[in-house]
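Visitor: I would like to learn how to read a few local features in a protein model. Could we go through them together?

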Amino acid sequence: MLCGRSTVTVGDCWYHGYMSSSGAGALVVQAYRFALDPTARQRRMLASHEGAARFAFNRLLAEVKADIDRYHAGEPTVLDGWSLAALRRHWNRRKHQWAVNPVSGEPWWPVNSKEAYSSGLDGLARALKSWRSGRGRFPRFRKRRHRMGVRFTTGAIRVESDRRHVTLPRIGRVRTHESTRKLARRVEAGTARILAATVRQDAAGRWHVAFTVEVQRAVGKEARPAHARRLAPEWQPVGVDVGARDLIVAATADGREVLRVPAPRSLGHAQARLRRLQRRRARQQRGSNRQQRTTRRIGRVHARAANMRRDTIAKVTTALAHGCDHLVIEDLNVAGMGARKPGAGNGGRASNRALADAALAEVHRQLAYKTRWYGADLTVADRWHPSSKTCSGCGRQKPRLSLAERTYHCDGCGLTLDRDRNAAVNLARLTRDPKMRPAGSGPVAGRGADHETDPAHAGDAGGREASTLHQPELGKTGTASPQGEAA
Ligand SMILES: [Zn+2]
């Protein structure tokens, strides 16, 4: 079996994971995240560590800026580079001057674990690196509302056998809000090893810990649980459409819808509630107690909605990877991505489009590793592939299709079909295009419109024009169509 590098993301933490196989199993780096119920004292210590990370980040960012000015003025620079190691060296040289009580002169840096400062410096080194490579903007000073993660890599890090506590360096034994059973069981069985723990506060003010864990797990179809529900016959490609209204619509090339999962219902409520709270906050006096209370409420709504989305996506992607052998998904809309982060910060109303983009990114991320765990293939369609605008019956393309049009109606063949299912069917059919290659081997489905506008490809009808005439049935019957796998 092959070894490959992958990036596994959970919450806001990014880990470079790896898979190396030995027999049927593989070593996978995974994250397990648990909400915490710290005591008042532990909350203070957690906040202190977060503050320490922020302080180191901001302090060294000021040094970097000063160095840039010195450089432009033709003076010698102070820092010997912007790597984490260089920033850390500089911090250790100067912390005795910086991290002291201005009145008593007492140093306060020993109060926090040195890993708190390292976490801040690591964040800075990464931000500078991404700015230098043109991927991000120049880092800004972190305000108090900016949540900083603190990553512990050494010392006492463990889940306790009572499954309701975790132990963290400096912080001690912290009660968890939820059971740690999933991880504890693996650790007890000797199939998991904890590498690190990152603590972070969410928008609602709740603390979480994310353990980075090396897990020995079965990989391949054998890893699918016995009770897993099959969604499509063996090796039949399944197209996956991700949207804001219905989170997931999955369908096979012959038009059968195999899975439809609506977006968590309360998300709509959450959005309405957010708009109301944001209007209220705008009216309230700046910095007043009332406004702060509203801000906290907004944070809680955001956090709850984000948790719900995460949970739903986790379940759906597992069901898809368990139940299908070949999944096809549209590429991320890179242009739209990152322009706005829904649920982040206090401002912007998250548009449906932004929510759908974020959901798609999360589905991508989770399918990337889950298909590997459970022995399925994943194909990513070219991002210019017009899966929504193409008629899955005759391959004709609409010049435009507004987001409000929930039903696809084709002027060519008369096909009337749910918009998302139409898109999913088109995605499933893509794999039979000779230009398609499995994900990971570069771009798929040639860019541009050359083949996409070609009806023969879209329907894979192989020129059997007659077959497309039956397509209006496709929406209702939900079983094999004349275009099925006959050939
Ligand atoms: Zn048509």
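Guide: Gladly, and accessibility comes first: a residue is buried under 20% relative accessible area, exposed over 50% and partly exposed in between, with a 1.4 Å probe and protein chains only. Helices (H or I, at least four residues) and strands (E, at least two) are DSSP runs, numbered from the N terminus. This is a predicted model, in which local features need pLDDT of at least 70 and side-chain atom pairs count only at pLDDT 80 or more, while totals for chains, interfaces and linings use all residues. Residues are numbered from 1 along each chain as its sequence is written, and side-chain values use heavy atoms, with hydrogens and water left out.

Visitor: Is Gln 271 buried or exposed?

Guide: Gln 271 counts as buried because its relative accessibility is 16%. This residue is found in helix H5 (residues 266-283).

Visitor: How do I read a pair of aromatic rings?

Guide: A pair of aromatic rings is described by the distance of the centres and the angle of the planes. Here the rings of Phe, Tyr and Trp (its six-membered ring) pair if their centres lie within 6.5 Å; planes under 30 degrees apart count as stacked, over 60 as edge-to-face and the rest as tilted. By this rule the count is 9 aromatic pairs. One of them joins Trp 91 and Trp 98, a tilted pair with 6.0 Å centre to centre and 35° between the planes. Trp 91 is buried at 2% relative accessibility, and Trp 98 is buried at 14%. Another pair, Trp 131 and Phe 138, is edge-to-face, with 4.7 Å between centres and 85° between the planes. Trp 131 is partly exposed at 34%, as is Phe 138 at 22%.

Visitor: Which residues form one aromatic cluster?

Guide: Phe 55, Trp 91, Trp 98, Trp 108 and Tyr 117 do.

Visitor: Which rings have a charged end over them?

Guide: A charge sits over a ring if NZ of Lys or CZ of Arg is within 6 Å of the ring centre and within 35 degrees of the ring normal. The charged end of Lys 95 sits over the ring of Trp 109, 4.0 Å from its centre. Likewise, the charged end of Arg 142 sits over the ring of Phe 57, at 4.1 Å from the centre.

Visitor: How should I read helix H8?

Guide: Start with the expected span, which is 1.5 Å times one less than the number of residues. H8 (residues 419-430) has 12 residues and reaches 17 Å from its first C-alpha to its last, close to the 16 Å expected. The helix is mostly covered, with 12 of its 12 residues buried; among them are Arg 419, Val 425 and Leu 430.

Visitor: What caps the N-terminal end of H8?

Guide: Asp 418 does: one of its side-chain oxygens lies 3.1 Å from the backbone nitrogen of Asp 420. A polar contact is a pair of N or O atoms within 3.5 Å; within protein, one must be able to donate a hydrogen and the other to accept it, and residues adjacent in sequence count only if both atoms are side-chain atoms.

Visitor: How do I find a pocket?

Guide: Rolling a probe the size of a water molecule over the atoms shows where empty space is left. On a 1 Å grid over the protein atoms alone, a cavity is a set of points where a 1.4 Å probe fits but cannot get out, and a pocket is an open set with protein on both sides within 12 Å along at least five of seven lines; lining residues have an atom within 4 Å of a point. Grid points are joined across faces, edges and corners, and a volume is the space filled by probe spheres set on the points. The second largest pocket has a volume of about 1,400 Å³. Its lining has 40 residues, of which Tyr 32, Arg 33, Lys 182, Asp 311 and Ala 314 lie nearest the centre. H6 gives the most to this lining, with 11 residues.

Visitor: Where is Ala 314 found?

Guide: Ala 314 is found in helix H6 and is partly exposed at 26% relative accessibility. Its C-alpha lies 9.8 Å from that of Lys 370, 56 residues apart in sequence.
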